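Welcome! Here is a short briefing to read beside the structure.

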Amino acid sequence: MFHQFDVDEVWQMFGMPGPGRLRVMRAYRSGNLVVGILRRVRDRSRIGFVVMFPPTSDFDFWELGYAIPDHRDRDAWSAFNATDAMAHYMFEHLRVDAMGWRTREDNKAADAIVRRLGYQPFDRWEVDGHMYTFYRLDQAGWAKRRARLDRQEQRHPSGQGDTFLTLLEPPFEPASIEDSVP
């Protein structure tokens, strides 16, 4: 995951001023990030990651970003699921007040996804020569989204007994942060 922040497309879409692997690693080591790995169910392959950045002086919310590096793995379904899973964790387990998201104006697919999820646009800013739209979702907005997901689960049961399944242990072999550094 950390190496992806040195890939131009990733750090640029995340709105960073330049390659950010070391910056993200430092933030992770200091406990200032919430991260998740995206996996395909059918083959358990890693297809990407989700990162929650803490509130800053500019924002009163945790900012979500995700990356699915291989174009063949990119689909709206994976993006919806990753975002909903992270929102569930942030709102219901960590009890944050709000989450946010930014989309760059040339990333129409990401913008369509964030709008479909119910995030509300609140501003547009230029960051390093690119226009970004900023979105925010609060607890009330999440409650609406969660109710919709619960209704869908009732209509089309997954067999797991609830909309979200909280795993008792990781479904992967964790690696230390030092294992990811060359």
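The count of salt bridges comes to 14, each being a side-chain nitrogen of Lys or Arg within 4 Å of a carboxyl oxygen of Asp or Glu. This is a predicted model, where local features need pLDDT of at least 70, side-chain atom pairs count only at pLDDT 80 or more, and totals for chains, interfaces and linings use all residues. Residues are numbered from 1 along each chain as its sequence is written, and side-chain values use heavy atoms, leaving out hydrogens and water.

**A salt bridge to look up**
- Arg 40 and Asp 75 pair through their side chains at 3.1 Å, N to O.
- Arg 40 lies in the loop between strand 1 (34-39) and strand 2 (46-53), while Asp 75 is in the loop between strand 3 (62-67) and helix 3 (76-93).
- The pair links distant parts of the chain, 35 residues apart; helices (H or I, at least four residues) and strands (E, at least two) are DSSP runs, numbered from the N terminus.

**Confidence**
- The average pLDDT (the predictor's confidence in each residue, from 0 to 100) is 86, and 92% of the residues score at least 70.
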